[in-house]
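Please open the model in your viewer and keep the selection tool at hand.

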Amino acid sequence: MTENIYLPRMATIQSMRPETIDITTFRVTIDGSDETERFEYKSGQFAEVSVPGVGEAPISISSSPARPGAIEFSIRRVGELTNALHELKPGDKIGIRGPFGNFFPLEEMEGRNLLIIGGGIGLAPLRSVILNVFDNRAKYGKIDIIYGARSPQDLVFTSEYEEWRKVDNTRLCLTVDRGDEKWQGNVGLVPTFLKELHPSPENTTSITCGPPIMIKFVIEALNEMGFPSEHIVTTLERRMKCGVGKCGRCNIGSKYVCLDGPVFTLKQLKEIPSD
Amino acid sequence: MKTSSKEVQDSVKKLFEDGRISHFIGYEAGSDSLRVTPCFLKSGQTVSRLVWNPLCANNLAKYLLDLRKVEGKVGILVKGCDSRSVVELLKENQIERDRVFIVGVPCSGIVDGEKLLAVLGISPGDVVAVEDGGDAFLVTTREGKRRVRKEQVLRGECLVCRYPTPVIYDVLLGEAIPSLPWVRDDYSLVRELEELSAEEKARYWNRELSQCIRCYACRNVCPVCNCPECIFDKKAPRWLSKANDISENLVYHLIRAFHVAGKCVDCGECERACPMGIPLRRLNKKVEKDLLELFGYTAGIDVEQQPPLTKYQVGDLDEFL
Amino acid sequence: MVNQKKSKVIEKGRLTELLDKLTQGYHLIAPVQAKDVSFRRVESGSEVTLDYINSVLSPKNAFFSQTETLFRFFRDDNRGFQIEPCVEADREQVIFGIRPCDARSLRLMDMVFNGQYRDSYYLDKREKTTLIGLACFEPDETCFCPTFGIDPASGEDVDILFSDIGDRYLVEASTEKGAALLDKFAGFFVEPRGDEEQLRKARKAGLARMKKLDVSAIADKMAPLYGGDYWDSIGLKCLGCGICTYLCPTCHCFDIGDVNLDEGGGRFRCWDSCMFPEFTLMASGENPRPNRKTRIQQRFFHKLKYFYDRNGELACVGCGRCIRYCPVNIDISQIIEEVASGKAGND
Amino acid sequence: MPDIKEVQTEFKPKILAFCCNWCAYAGADLAGVSRFQMPTNVRVIRVMCSGRVPPELVIRALANGLDGVMILGCHPGDCHYSEGNYLTRRRAHVLKRLLSYIGIEPERFQLRWVSAAEGAKFSAVVKEATDKITALGPNRWVDKK
Amino acid sequence: MAAPRIGVFICHCGTNIGGIVDVPEVVDYAKKLPYVVHAEANLYTCSEEGISAIKEAIKEYDLNRVVVASCTPRTHQPLFRNACADAGLNPYLFEFVNIREHCSWIHMHDRREATEKAKELVKMGVAKARWLEAQEEFESGVYPAAMVIGGGVAGMSAALNLANQGFEVHLVEKEPELGGRLLKLNRIFTINKAPDELVDSMVKAVQGHSKIKLHMPAVVKAASGYIGNFDVSIDEDGQETSVKVGVIIVATGAQVLEPELYSYGKLDNVLTQLGLEQRLKDGKLGEFQNVVMINCVGARIPERPYCSRLCCMTAIKNAALMKEINPKAQVYVLHRDLMTYGVEFEEYYRKAREAGVRFIRYTLSNPPQVMGAKRVEAVKVYDELMDMEVELSCNLLVLATPLIPNADNEELSKMLKVPIGDGGFFLEAHVKLRPVEFAMDGIYVAGSCRWPADIKESIAQGYAAASEAAIPLRQGAVRVEAITATVDPKTCKGCGTCVLVCPFDAIELKESKIKGLEGKIVSEVNAALCKGCGLCAAACPNRAIQQRGFTDMQLLSMVNALSGKR
């Protein structure tokens, strides 16, 4: 018998770290010795996370494969399954299938500068990239991270920013749509902020992930700044079920987001329908 | 069916010309000679597409819901049963009376294609045209003209139709038909089942409803199933499992029968749409019969009539066991 | 494929007996008469009808059931779950009477369920199934399988082909699996009398009239229609029901759901349809295909372009079910013709 | 789908009763205060009015495998909200006939009137329903044959 | 919304629950239910200790839902809701499970099954609790006026009490005179005085009170509205007037049964006690020698099983009076049981015996027989004590008959939406805990319309009802339990089904003003008018309207929990 692609592996929630009012980072290990280590994934991939009896949803992995020991998912509660996940506690069991999908082409980016642009929960898969490249710092040039959320309370991974900023030749630029009394950073939308920062396209690959509307305007801005479409990397979001290209709902044109994505270069996107 | 396609075309053309409608929903020839298909016009120039013949089964009233937001008035062709659906849509405030222009056509029955082929012993490709010939249909086949008595080949709902003439219209094309000669017992189909034992009834409906593939055609084709989000599609709470099994199929069909209670006008579209041939009218007719017997109610007659389950009389039947 | 086609013959009178025998060693799935004919699991040969052009439901249910349990789970005391995969049927199955168009659809479905990720639920059943086809000599008005290079009287996609030639069936095995089955039931089959090929040829005469559409460059012709208003009136007409997708032998979309009981529960998959609004509705409330126009466009693009782009085949076998059963007469053959002839241009 | 229900040896029907807060629920309370002993098969869900119980809930309960469903409301004329029970009565007539039409025995869905003062009637209704449904045997919502 | 953290408190209620239901087993069971983070047993959850246990657990376990399994929400829900509120938890995040009245008390002989049932009831409660939502109560104003229906002693007491507190009172009396049944009495028992003194002083006080508006003779024709805001239409001498009041007190009294027994109405020397009093009062009794009184005439019989409570005392009063008027007269009281409770009444009875009134006990199976063709000449009775039949010569037969409900009670009950109980008397909200209130908020009851009451009781009840009614009047506002309907304007299709079924005209179709839905016709609920019946929620085809506290999600979760589904 070949492996059953629909059977989840049991995993245990080791810890739950609240990021915002509705986003929590789940630290998870797969049950059985070595199983967590044998879950080989790359930055940008997702897994189907399930609560038996409730359902399953594709969740991008926010931890870095370079830091083994546990797998992390940063999950916003929006639907039935994510609600159920948020109602669990450390020690509870969940199901994991995966890893699925493609990944950010980090190897191709070696030797290049990275411009990482995230919005809201979109920072989750980018965090996997960020931690990954930090652990392989020598292979990459300058790293610019531009991240924005609706308000200071909506920023995720805030506890790690200090550490990120300490990494060599790395810049973290934050922005929020609406600030508050305490907020001293930039106020404004990510694409606007990006234009203000005006990073150079030279030898630079940009990776962006966030709400569709943000991605749309970020890409426009990158185009204006002269980034070639093969060096604009982004992710797409569609409703998925099986995660393995069978159930038929996540296609955009001939591409299945779960199988051929979620990571696409702008060059690839130009070849598929725009819906 | 004294009204001809030509009359429909002329009348619609005039409506466009006079600026009385901006859209029209009618029928046009289908992809074979036993079918028609809904036709949407935005001008009088294309009225020649319109047809009216004994194959025009579709209840077009449902499309009024899709055209609620267009500019101008929407004209629609309705038969008796379709007009009763329009009444129900008006009752439920789903359409506005002054935003629709109702073109009524008296209808003396729609052909059941399968019955026709069986009676004539021919295949679909042999049929060229079907016309109304009073108490019979005139069928033009490749081999010549044939006459078939209507009672033999009418759709089920037409055999018990008490409203051959639209009950509401702005213009009526052709002469009103007071009644259809073949209509006798409306509820024989229901009575037959009522007389069975509980076990036999369960077996019957289990057998029929186990065939359901839950394609929701019966719901989607039904003009009075017009909720923007059907309770069967809701996730919280979930009334119905998506898993298709006989138990859930029963839940689906019972709740649906209840949801159309007092609104169903027996246009027969659910049964016509069902690919699995489930006798859905038998379910709806049961509720229709009970509402008539218990509360003297018939749906789709009068816009002012209050739905039977939203009111009561102190003297309503009070026996339960 | 077996190199040497070994033709046999079975007298019509012995068919029921053969089917009875088959039920003893196999799960036999065969056409059964309800209001229309459907493929069902049968317990005896007498349940089977052969008086049909094609069934309302294709036999895809035998490989990809409308509802199928993927696994069950039981809660344990330690906040955990025991997962128990669903045991596959232990018996081999035979599908008797499958039409060549439907048999071809399985080849298309294989492309979906096989590949980088193997869908063992589908593939295991596929492997355990012997297909006995029934040559089609009297196609329906709505049939247009030759469009897709299907010969309705051929056994290309089946293991064994039965051809009705009057008082007998001509029986040909086209695979090892088919030949093995024939050997196993050799007692039912006799040597041909010699006139079989001739009889079959005569019966095939009617097939020449079958609709064959030009789909040579259909995928390319579809591309510019994307987003165009050609789909507006079709979308308006469409009721958004699932008939076309559920009856289609090549449609494979499904949903996955859970059952939650006190003791445990399970996960199932069930057919789903791209015609339903919730199909692509995301938890966030966003829906990339928010209306019937975009959904019906997806259906035809999937059949006539996307599937082709991925697999080099069109996802239609011309069985005509969606045409026959669409309550509003949306006709894929008409759409193919309009696209092929350029009539489907955007005004 | 997974059917992990254990097989019961002795049939003990499980019956659900939706009780109107003002009459039947109070009647049930009175039955308790009066220590009227009755079968244990009935479980009460309190609603403010019998008219709050939609047919979907009754159908769902029966489909879930409960052996009987009762709606217990105020006597005609006594509705706390003046007319809720009259609407319930209409709905229940139609639902009961529809259920019976698909083979669900009429005893499995009952609408009964029990006032706040009728503790004894509440217990009688419970007993009667339990007896009748026990005699019918398990709810065969789905014909297993 | 934070993840549900449910605490379950299971009450032993002394031995009431704990003696039958295995409470520790139920606690263990509850602990394993979904979202339950704490479960405990309490000896009495409603005791101070129990209440503080709830409050502490809310803090200690960070509970955001509380389930108490004990007695009935009809009496104890406010207590536990307050406990939650005190601990900072919205009181609507509380769910009540009844395992006493609905379980332990009715299954005393089957401990196992009772325990299993209690578990399942708790499971259903927990399933509902998981979906509870915090609610804010709606506050509505109270119109500072009261209506009292009935101008007898109960009604007048209530009216005076409220008027003296400064509230405007509308007193509606159907007769042209105030005083009610008292006007017909000769003497009042135990004090043996004519009622005039009492009635006159009350009537004068009422008539002279600036805050009391008298409507007389007048009847209530229609009523609508809710606590704080009733519109009552009165037919006053053929003229219809409309009155707005915040509360209503029903004190319409009762009437005396005119029996069809013992030749009453056929022979002219047969009177009811009331008839006797009338004659005495009018001085028209005439000569009499031998008086026989029969008690329990038409009372405590299968058709009318209740004891009217007043008749024994009335008979004693009048028997003693007859002896007083004519000491030579033979006065017999034939009774089934004598109700002379308390020191005062028992003393009154003793004096009557001392005065020579003879009491003979008869049984229902062997009732007295009236002898005589044109007049009653004698009464035969089987004397229980003597175990022999005696024949009493009689020239005046007086029958003690019970009070019976007024004929128009039913009409009034429908108008006011208040219930009538057994026998046709009005039914209070709770026999012990809410004796002068109706279940319908803002309507109260006093005097014999509720149950036969003597003067003292009627006055006391009048005061009691007035003081209850004064609470909302004084507060000037009432809070409506947050179980009113709410509409989801996104899914509402504006079909108006809810509008048609709402008995309170609380729902209207209106253009939505919500962003993104502007102009869409949707239902809108007027929370002040909504009484929380939930009819709309059950009738809405796509469930766009829901009843708070009884949502589809909550009810379906209970049904699913009962059927083993999650």
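In chain B, 19 residues of domain 1 are in contact with 22 residues of domain 2, where contact means heavy atoms within 4.5 Å. The model is predicted, so that local features need pLDDT of at least 70 and side-chain atom pairs count only at pLDDT 80 or more, whereas totals for chains, interfaces and linings use all residues. Residues are numbered from 1 along each chain as its sequence is written, chains are lettered from A and ligands numbered from 1 in the order in which they are written, and side-chain values use heavy atoms, with hydrogens and water left out.

To display the two parts, colour 5-109 together with 163-172 of chain B as domain 1, and 188-310 as domain 2; these bounds come from an automatic or database domain assignment. Taken over C-alpha atoms, the centres of the two domains of chain B are 26 Å apart. Domain 1 and domain 2 of chain B bury about 1,700 Å² between them, of which 54% lies on carbon and sulfur atoms. Buried area here is the accessible area (1.4 Å probe) that two parts lose on being put together, summed over both. Select Lys62(B), Arg84(B) and Lys91(B) next: they supply 35% of the area that domain 1 of chain B buries against domain 2 of chain B, more than any other three residues.

Now show the side chains of Glu92(B) and Lys263(B), which meet in a salt bridge at 3.2 Å, N to O. The term denotes a side-chain nitrogen of Lys or Arg within 4 Å of a carboxyl oxygen of Asp or Glu. The rule finds one salt bridge across this interface of domain 1 and domain 2 of chain B. It also finds 10 residue pairs in polar contact there (both at pLDDT 80 or more). A polar contact is a pair of N or O atoms within 3.5 Å; within protein, one must be able to donate a hydrogen and the other to accept it, and residues adjacent in sequence count only if both atoms are side-chain atoms.

Which helices of domain 1 of chain B each supply at least two residues of the side that touches domain 2 of chain B? They are α2 (61-66) and α3 (80-91) of chain B, and α3(B) gives the most, with eight residues. Helices (H or I, at least four residues) and strands (E, at least two) are DSSP runs, numbered from the N terminus.

## From chain B to chain C

Display chain C beside chain B: 32 residues of chain B are in contact with 36 residues of chain C. Chain B and chain C bury about 2,800 Å² between them, 57% of it on carbon and sulfur atoms. Arg35(B), Ile213(B) and Lys242(B) provide 20% of the area that chain B buries against chain C, more than any other three residues.

Centre the view on Lys242(B), whose side chain meets that of Asp272(C) in a salt bridge (2.9 Å, N to O). The rule finds four salt bridges across the interface of chain B and chain C, and 19 residue pairs in polar contact (both at pLDDT 80 or more). On the side of chain B that touches chain C, two or more residues come from each of β2 (36-41), α2, α9 (217-221) and α11 (269-273) of chain B. The largest share, four residues, belongs to β2(B).

## Chain D and its interface with chain E

From the N terminus on, its elements run β-α-β-α-β-α-β-α. The C-alpha trace of chain D spans about 45 × 35 × 25 Å along its principal axes.

The contact takes 47 residues from chain D and 50 residues from chain E, and the two chains bury about 4,300 Å² between them, 61% of it on carbon and sulfur atoms. Select Arg43(D), Arg52(D) and Tyr81(D), which supply 16% of the area that chain D buries against chain E, more than any other three residues.

Arg43(D) also forms a salt bridge with Glu120(E), the closest N and O atoms being 2.6 Å apart. Across the interface of chain D and chain E the rule finds five salt bridges, and 22 residue pairs are in polar contact (both at pLDDT 80 or more). Finish at α1 (24-33) of chain D, one of the elements that each supply at least two residues of the side touching chain E; α1(D) gives the largest share of that side, seven residues.
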